[in-house]
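Here is a short briefing on one residue and its surroundings.

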Amino acid sequence: MTLVDTKQMDAQKEQKLKRGFKIFNRFMLLAWRLGLGKSINEWPEVGGRIMVLTHTGRKSGKRRQTPLNYAVVNGEIYCLAGFGASADWYQNILANPQVEVWLPDGWWAGLAEELHGPEHRLLIMRQVIKASGAAGPALGINADQMNDEELDRITKEYRLVRIRRTAARTGPGGPGDLDWVWRLSTIVLLSMLLFRRRRR
């Protein structure tokens with residue numbers, strides 16, 4: 001097998017992985033909108049710690065939302081662009097660093113910035129990968145067992161992003177904006193049960 005063949009196989013594998021994450025992300029975003037954000041984060045060893053990042057499209061100017069694994073270190077939020085600089089959400093925050101995050105404990109406005117320097121990079125990178133639950137091992141990264149050199153080599157293309165919370169948010173358009181679906185479903189089901197009993 002030639003080097004070109006190996007690169008093509010790696011590119012195909014990455015494309016399949018990206019497609020899988022897109023499907024998973026749609027499901028996660030819907031779950032958050034239905035008000036299940038806290039429930040999603042109750043078993044971080046498996047599903048990881050998942051937030052929703054709201055960012056502005058650099059070309060469209062439209063509001064975009066991306067579920068991401070994250071870790072909170074010293075009160076600040078950290079996440080990774082695991083596919084490197086090509087990730088759309090990463091490109092968007094470079095163009096406009098004003099973001100919002102949905103966390104299990106609330107909804108926040110914030111400012112995003114990439115961390116370039118080596119200071120604490122591996123320590124924080126390790127924390128974020130651990131907080132990703134099964135996603136890290138699925139990508140071949142065991143943050144508990146790798147030494148710093150291995151981790152640095154494998155994650156050299158990753159982009160580490162820090163989000164500083166600036167203000168708490170409330171109102172429409174936040175996490176749980178579709179929680180009315182549960183109330184409506186409950187009313188419909190109860191009505192159907194009562195109607196059936198009356199017909200008997």
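Asn92 is buried, because its relative accessible area is 5%, and the cut-off for buried is under 20%. The model is predicted. Asn92 sits in helix 4, which spans residues 88–95.

**Around Asn92**
- The side chain of Asn92 makes a polar contact with the side chain of His55, at 3.1 Å.
- Leaving out residues up to four places away in sequence, Asn92 touches His55, Thr56, Gly57, Arg58 and Arg64.

**Helix 4**
- Which residues of helix 4 are buried? They are Trp89, Tyr90, Asn92 and Ile93.
- These residues lie on the same side of helix 4, because they cover an arc of only 160 degrees around the axis.
- An α-helix has 3.6 residues a turn, so residues three or four places apart point the same way.
- The cover over the buried residues of helix 4 includes strand 1 (50–56), strand 2 (63–73) and strand 3 (76–81).
- Strand 4 (98–103), strand 5 (106–114) and strand 6 (159–168) are also part of that cover.

**The whole chain**
- The protein chain has eight helices and six strands.
- Along the sequence, their pattern is α-α-α-β-β-β-α-β-β-α-α-α-β-α.
- The protein chain has 200 residues, and 35% of them count as buried.
- Take the contacts between residues at least 6 apart in sequence: 66% of them join residues at least 24 apart.
- The accessible surface of the protein chain is about 12900 Å², and carbon and sulfur atoms account for 55% of it.

Notes:
Residues are numbered from 1 along each chain as its sequence is written. This is a predicted model: local features need pLDDT of at least 70, side-chain atom pairs count only at pLDDT 80 or more; totals for chains, interfaces and linings use all residues. Side-chain values use heavy atoms; hydrogens and water are left out. Helices (H or I, at least four residues) and strands (E, at least two) are DSSP runs, numbered from the N terminus. Buried means under 20% relative accessible area, exposed over 50%, partly exposed in between (1.4 Å probe, protein chains only). A polar contact is a pair of N or O atoms within 3.5 Å; within protein, one must be able to donate a hydrogen and the other to accept it, and residues adjacent in sequence count only if both atoms are side-chain atoms. Contact means heavy atoms within 4.5 Å. The arc is that of the directions from the helix axis to the C-beta atoms. Accessible areas come from the Shrake-Rupley method with a 1.4 Å probe; for residues, only the protein chains shown count as cover.
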